[in-house]
Amino acid sequence: MVNTLHPPSEELQPTPEERRAELEKVLNSQVLHGAEILKSFLRFVVSKSLEGQEDEVKEYTIAAEVFGRKKGYDPRIDSLVRVQATRLRTKLEEYYASEGQSDRVQIALPKGHYIPAFAYLNPKPDDTEHRGMAVGAVPTGAGRPAKHANRSLRWSAGVLLPAFLGAVALSLGLLAYHYYAEANELRHATASNTSDSDFLRDISPFWGEFIKSDGPVLVTYSNPLFQGNAVDGMKYWIPLEAPITEFRPPMLSRVVNPPIVTDVYTGVGEVMGVHFLGGLFWRAGRSFRVQRSLLLTWEDLKTQQAIVLGSSAENLLLRRTPQEQEFVFTGDGTQAGPPNFFVLNRHPRPGEQERYVPAGIVPSQSAVTEDYALISMLRGVETNRKLLILAGVTTYGTQACAEYVSKPETLKQLIQHLNVSGSSTQPRLPDYFQVLLHVRINGSVPVQTSYVTHHVLR
């Protein structure tokens with residue numbers, strides 16, 4: 001009686017030894033050269049899978065074990081793991097499209113999951129034939145005619161092998177389509193051909209301490225208090241030229257006949273500044289959180305690396321920064337008219353001006369044709385923290401300032417001006433400094449930003 005043929009009882013899967021060998025190939029590839037974060041990510045998830053601990057491959061665990069996030073990590077706020085997973089999927093797709101074309105085993109990271117998947121990319125004919133043999137079939141020489149056994153093997157190879165290869169081809173086709181879509185989306189998002197390692201190397205002289213910080217970077221946008229309203233007119237509740245005696249404005253409940261106070265306006269430049277910084281930190285794989293300036297406290301500056309968008313005219317806490325500055329925003333207006341805001345150079349050097357005054361700022365910011373902006377890298381409340389202020393005299397200058405430090409091409413120019421190491425290949429910047437920028441504006445849009453001068457702060 002002839003045995004009935006059945007399909008294979010198990011899927012063709014790489015062995016643990018083959019998976020480990022493939023992991024080492026990918027980790028030592030040129031595609032992941034310099035991408036230490038992604039290497040650690042891949043090594044962690046594959047190791048957990050091989051150890052049978054797939055239940056530990058979760059976003060929270062990865063954030064803690066791979067990226068050093070602390071106990072209070074909240075994946076709903078901090079998207080670091082998801083961002084890095086997208087980058088890793090793209091790198092794997094690049095690897096198997098180039099160096100790994102001839103690899104027998106493929107590692108994949110399915111979208112929406114962090115548990116790696118393994119499959120044979122190029123199965124060996126011997127393994128396929130062996131796995132394709134029917135369960136219960138009697139091999140040649142085991143009391144069964146050789147002719148009959150050969151016919152069974154031919155039937156198995158002729159029917160099951162094409163079906164198996166067709167399923168593999170379909171699966172790989174779907175994976176290829178998925179990886180292509182992921183890579184295409186990431187390319188459009190980054191809009192750059194610079195590799196991750198090159199990008200991080202280029203921005204590290206300026207942004208290194210922020211990227212390596214132990215918590216999310218704090219990005220604060222100006223949220224000034226105005227007296228009055230948009231219909232009857234508004235002015236700063238505490239003018240820039242007026243001294244303040246408190247870190248915060250007095251409570252309105254303590255003010256006799258309190259005026260109408262508006263706190264819902266933020267400049268368009270500050271909004272665009274958050275956009276530019278968000279793109280930079282996303283690409284660097286760094287988390288950040290956004291907060292309006294009225295909620296900024298000294299405790300924030302003590303415990304976090306902080307970036308403030310907007311000048312001391314809109315951010316009252318900045319009027320009491322812990323470090324003396326060479327360039328300051330000020331105004332010389334009188335009670336009879338609006339103040340004429342400008343950047344004051346407290347200690348002009350040869351060739352520098354004492355005042356840098358924008359053109360067209362009065363009576364409406366819509367008429368502004370040029371502005372001046374300051375990049376101020378200051379000491380935070382604690383010596384291991386820094387406070388970076390990106391601000392223009394107008395909101396357009398703030399926008400241009402944030403864009404200037406977020407683009408690798410302009411950041412390289414800035415680093416060249418600030419470099420104190422004497423080496424162009426290993427630049428080093430002063431700990432604290434201020435940079436003055438000139439901004440040309442056309443139709444309320446910054447169109448050209450250029451370096452003017454800088455002072456190192458002691």
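Helix axes are lines fitted to C-alpha atoms over the stretch in contact, and the angle between two of them runs from 0 to 180 degrees between N-to-C directions. The model described here is predicted. In it, the axes of H1 and H4 come within 11 Å and cross at roughly 95°. Angles of 65 to 115 degrees count as roughly perpendicular, so H1 and H4 are roughly perpendicular to each other. Glu-22, Lys-25 and Val-26 of H1 make this contact with Leu-92, Tyr-95 and Tyr-96 of H4.

H4, which spans residues 80–97, also packs against H2: the two axes come within 10 Å and cross at roughly 90°. H2 and H4 are therefore roughly perpendicular to each other as well. On the H2 side the contact is made by Ile-37, Leu-38, Phe-41 and Leu-42. On the H4 side it is made by Val-81, Gln-84, Ala-85, Arg-87, Leu-88, Lys-91 and Leu-92.

## The loop between H1 and H2

Gln-30 lies in the loop between H1 (16–27) and H2 (36–50). Is Gln-30 buried or exposed? Its relative accessibility is 59%, so Gln-30 counts as exposed. Gln-30 and Ser-98 are 68 residues apart in sequence, and their C-alpha atoms are 9.9 Å apart in space.

## The mixed sheet

An open sheet is formed by 7 strands in the order E7-E3-E8-E13-E12-E14-E15, with mixed pairing. E7 and E15 (445–456) stand at the edges with a single partner strand each, so one side of each has no neighbour in the sheet. Direction ignored, neighbouring strands are turned by 20° against each other on average.

Strand E3 (residues 217–221) is mostly covered, with 4 of its 5 residues buried. E3 pairs with E7 (residues 288–292) in the parallel sense over 5 bridges, and Leu-218 has Arg-289 as its bridge partner in E7. E3 also pairs with E8 (residues 306–309) in the parallel sense, over 4 bridges. There, the bridge partner of Val-219 is Ile-307. Antiparallel pairing is found between E12 (residues 370–379) and E13 (residues 386–392), which are joined by 7 bridges. Ser-376 has Ile-389 of E13 as its bridge partner.

## Nonpolar cores

In soluble globular proteins, nonpolar side chains tend to be buried together. The largest nonpolar core of this model has 36 residues. Which residues have the most contacts inside it? They are Phe-206, Trp-207, Ile-307, Ile-375 and Leu-390. Helix H7 (residues 196–211) gives the most to this core, with 6 residues. A second, separate core has 29 residues, among them Leu-80, Val-81, Ala-85 and Tyr-95.

Not counting residues up to four places away in sequence, Phe-206 touches Ile-375, Met-377, Leu-388, Val-405, Leu-411, Leu-414, Ile-415, Leu-429 and Phe-433.

The buried residues of H11 (residues 408–418) are Pro-408, Thr-410, Leu-411, Leu-414, Ile-415 and Leu-418. They cover an arc of only 160° around the axis, which puts them on the same side of H11. An α-helix has 3.6 residues a turn, so residues three or four places apart point the same way. Leu-411, Leu-414 and Ile-415 are among the buried residues of H11 and are also touched by Phe-206.

Conventions
Residues numbered from 1 in each chain as written. Predicted model: local features only at pLDDT ≥ 70, side-chain atom pairs only at ≥ 80, totals over all residues. Heavy atoms only, no water. Buried < 20%, exposed > 50% of the residue type's maximum accessible area, 1.4 Å probe, protein only. Helix = DSSP H or I, 4+ residues; strand = E, 2+ residues; numbered from the N terminus. Arc of directions from axis to C-beta. Core = buried A, V, L, I, M, F, W, Y, C linked by side-chain atoms within 4.5 Å. Contact = heavy atoms within 4.5 Å. Pairing = 2+ DSSP bridges. Parallel < 35°, antiparallel > 145°, perpendicular 65-115°, else oblique.
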